[in-house]
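Let's take a friendly look at how the inside of this protein is packed. Have the sequence and the model side by side as you read.

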Amino acid sequence: QFLYFIGRDVAGLAVAMQSTTARAKTNEYFDKNHLGQIKCRLCSTVHRDEENFVVHLDSKKHGTNLRLLERAREQVARDQEAARKLADERRHEEHRANMESALGGVTESGKPKSAYRGPLVGRPNVRHHKEPLPGGAACRVLFELEYPLAPAEAEDGIPLRPLHQWVNAHAQTVEPRNDDVVYLVFACDSYESVSFKFPAHVPVTTADSVRHMAVPQEFYHCQWDPTKKVYTLMFVIGRLDGQS
């Protein structure tokens, strides 16, 4: 009976030692230096064996260092989130400036708004087609512009997508002013803006003319396909039947 109890106690002690060793070696701060000594990588302390290392894990010093480390990680996460939000705000501001400058926008003081200063990926792939309408006084014009690197969705309510606008000769500084032409400008974040000249005194269908029912809806269409990354614009230039 005496030997039985001794054997049972030894077996229990062996199990406890194995559990202590496993807890020590699986801890993320367990380490051994070049001398084979056990170290705590968090507290830079040296321990004679695994049991002493486990005792250190439950100590006040290790617990304090764990809390300090967690606070430091939380601060780093907050700083990274703040930096990300600041970068997003700057990118959005640059996008607004790029769109407004490319589309002839000006500030309240009358000065041109600053242009997009980020890297440009080049010009969009442009396809255009003209089709005379019956009567010969007007022509249907179709533009399709491919922006493969344009954002697919809006962010924070800001439409990060291509835009177009008609710009008169006074709003551009690329060519000498010519009051006989207007410019159709297409702009998109990160892309070079492209423009096309049209006669200034020839009527053109627009979204407003369709909205006010001045012309049928079939004579104007504008759409951005975020999946195919294609911006489509169709309008009619010239006088339609019934227009004065």
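This is a predicted model: local features need pLDDT of at least 70, side-chain atom pairs count only at pLDDT 80 or more; totals for chains, interfaces and linings use all residues.

## The nonpolar cores

The largest nonpolar core has 26 residues, and F143, Y147, F186 and F235 touch the most other members. Strands β5 (138-146), β7 (181-187), β8 (194-199), β9 (220-225) and β10 (230-238) each give two or more residues to this core. There is also a second, separate core of nine residues, which includes Y29, F30, C40 and L57.

Leaving aside residues up to four places away in sequence, its contacts include F143, L145, Y147, V194, F196 and L233.

## Aromatic pairs

The structure holds 11 aromatic pairs. In one of them, the ring centres of F143 and F235 are 6.3 Å apart and the planes meet at 15°, so this pair is stacked. The two residues sit 92 residues apart, F143 in strand β5 and F235 in strand β10. F143 is buried at 3% relative accessible area, and F235 is buried at 1%.

F235 also pairs with W166: their ring centres are 5.4 Å apart with planes at 85°, so this pair is edge-to-face. W166 lies in strand β6 (residues 163-168), so the pair ties together parts 69 residues apart in sequence. W166 is partly exposed, at 25% relative accessible area. Together, F143, W166, F186, F196, F198, Y231 and F235 form one aromatic cluster.

## A loop residue

A137 is in the loop between β4 (125-132) and β5. Its C-alpha atom is 8.8 Å from that of I237, 100 residues away along the chain. Not counting residues up to four places away in sequence, A137 touches I237, G238 and R239.

How values were computed. Residues are numbered from 1 along each chain as its sequence is written. Side-chain values use heavy atoms; hydrogens and water are left out. A nonpolar core is a set of buried Ala, Val, Leu, Ile, Met, Phe, Trp, Tyr and Cys residues joined through side-chain atoms within 4.5 Å. Buried means under 20% relative accessible area, exposed over 50%, partly exposed in between (1.4 Å probe, protein chains only). Helices (H or I, at least four residues) and strands (E, at least two) are DSSP runs, numbered from the N terminus. Contact means heavy atoms within 4.5 Å. Rings of Phe, Tyr and Trp (its six-membered ring) pair if their centres lie within 6.5 Å; planes under 30 degrees apart count as stacked, over 60 as edge-to-face and the rest as tilted.
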